[in-house]
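Please look over the sequence and the model before reading on.

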Amino acid sequence: MAPTRRTLLKTAGVAAVAGKLLESSDAKAQGAQTAQGGSSLRGLTYCNLRSGLGVKLGDRILDVGRAAQQLRVAAPATTDEVIAGKNADGLRKVVQAAPKNATVAESEAQFGPCVMNPEKIIMLGFNYKKHVMEVKVPMPTAPVLFNKYNNSLSPHRGTVHLPTKVAKKFDYEVELQVIMGKTARDVSEEEALSYVFGYATGNDFSARDLQLRDGTQGSQFMIGKTPDGFMPIGPYLVGSEIVGDPQKLAIECRVNGERRQSSNTSDMIFSVAKIISYASSIFTLKPGDVFSTGTPEGVILGKPEPEQVWLKAGDKVACSVEKLGELTFQLA
């Protein structure tokens, strides 16, 4: 049975509540819960607020910078700094104390992209079996890689401005995002997941007329997928210890409340471990690098041409990946 939006959000909420490093003496009074990951930084749920780094504690978000100022400790300012291990002890102290007056309600939070400055944003094409069948391309025998750039990053509850002077056929692609935590070169599939810091929900937003500009399927991936804002990601970067197996996650996309994509990462042709191992055999992966692991079936491009109603200004898109939360954005 396909997962419902309620199931996805409930699962995401349960996982997020696990985001606490160390049990504090007043944790029960504050409603915070301790991550089973102990003192590991991969046992937390992070975000980038407009004001700086945030850590999700139940239905509230700890403003790490504000808390650190109160406690007079140095703490990381962004998820990039967390991944780099900057001021990790300060982060532990801040989360342990979790002062109530340094938190904001999740519903009131202003988010940035959950990663800010990755060296590489590596995309996967044609990585779900049913998606390959719907767009009628040959089943790939190796991961199909292309790229986006940092200009395409955009946040939860953000607005994607459509480049209507150069394109008209806009499409959604919900995707599981994988964020690297360690430098990786020539790693095996068996050890690949140990290099992952965490996971996020994302959308490989696409302009299909640019992507197909010279008449062949996917020949212009870069220009079709790198306009400004075409990589909404977040709201959360969820530590790998919370997520567990990335090949058993429900994944869904809705447009104006209508479900368009509903699948599971078990339908991937190449697993997360395979993707990391394959890419690391070709080039070095760095902490903070992002893999966007492909989209399942249900995209507009996969429909018969008479049924292709492309996205337009005013549309609202919502994406969910199990344990990772809901990403929403609107078009203008």
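What follows goes from the whole chain to a helix, then to aromatic rings, the core, a loop and some backbone details.

This is a predicted model. The protein chain has 332 residues, of which 57% count as buried. Its secondary structure comes to 11 helices and 19 strands. Among the contacts in the chain with a separation of 6 or more, 76% are between residues 24 or more positions apart.

Take helix 5, residues 88-97, as an example of how a helix sits in this chain. Which residues of helix 5 are buried? They are Ala88, Gly90, Leu91, Val94 and Val95. Seen down the axis of helix 5, these buried residues fall within an arc of 155°, so they line one face of the helix. What do the buried residues of helix 5 pack against? Their partners are strand 1 (45-49), strand 2 (52-57), strand 3 (60-63), helix 3 (64-71) and helix 4 (79-83).

Next come the aromatic rings. A search of the whole structure finds 8 aromatic pairs. In one of them, the rings of Phe146 and Phe221 have their centres 4.3 Å apart and their planes at 5°, so the pair is stacked. Phe146 belongs to strand 6 (residues 144-148) and Phe221 to helix 9 (residues 221-225), so the pair ties together parts that are 75 residues apart in sequence. Both Phe146 and Phe221 are buried.

The pair of Phe205 and Phe329 is edge-to-face, with 6.0 Å from centre to centre and 85° between the planes. Phe205 is in the loop between strand 11 (196-203) and strand 12 (206-207), while Phe329 is in strand 19 (residues 325-331), so this pair ties together parts that are 124 residues apart in sequence.

Turn now to the nonpolar core. The largest one has 93 residues, and Tyr46, Ile276 and Phe291 touch the most other members. Leaving aside neighbours within four places in sequence, Ile276 is in contact with Val178, Met180, Val187, Ala192, Val196, Leu285 and Phe291.

The loop between strand 17 (290-292) and strand 18 (316-321) contains Asp315. Leu311 lies in the loop between strand 17 and strand 18 too. Is Leu311 buried or exposed? At 4% relative accessibility, Leu311 counts as buried. Leu311 and Lys169 are 142 residues apart in sequence, and their C-alpha atoms are 7.1 Å apart in space.

Asp315 is buried as well, with a relative accessible area of 5%. What joins the side chain of Asp315 to that of Asn256? The link is a polar contact of 3.0 Å. Setting aside neighbours within four places in sequence, Asp315 is in contact with Asn256, Phe329, Gln330 and Leu331.

A cis peptide bond joins Gly234 and Pro235, with omega at about 0°. Pro235 is in the loop between strand 13 (231-232) and strand 14 (237-239).

Positive phi values occur in residues other than glycine, including Arg72, where phi is near 60°. Arg72 lies in the loop between helix 3 and helix 4, and is exposed, with a relative accessible area of 78%. Asn87 has a positive phi near 55° and is placed in the loop between helix 4 and helix 5. With a relative accessible area of 30%, Asn87 is partly exposed. Just after helix 5, Ala98 takes a positive phi of about 40°.

Key: Residues are numbered from 1 along each chain as its sequence is written. This is a predicted model: local features need pLDDT of at least 70, side-chain atom pairs count only at pLDDT 80 or more; totals for chains, interfaces and linings use all residues. Side-chain values use heavy atoms; hydrogens and water are left out. Rings of Phe, Tyr and Trp (its six-membered ring) pair if their centres lie within 6.5 Å; planes under 30 degrees apart count as stacked, over 60 as edge-to-face and the rest as tilted. Helices (H or I, at least four residues) and strands (E, at least two) are DSSP runs, numbered from the N terminus. Buried means under 20% relative accessible area, exposed over 50%, partly exposed in between (1.4 Å probe, protein chains only). A polar contact is a pair of N or O atoms within 3.5 Å; within protein, one must be able to donate a hydrogen and the other to accept it, and residues adjacent in sequence count only if both atoms are side-chain atoms. Contact means heavy atoms within 4.5 Å. A nonpolar core is a set of buried Ala, Val, Leu, Ile, Met, Phe, Trp, Tyr and Cys residues joined through side-chain atoms within 4.5 Å. The arc is that of the directions from the helix axis to the C-beta atoms.
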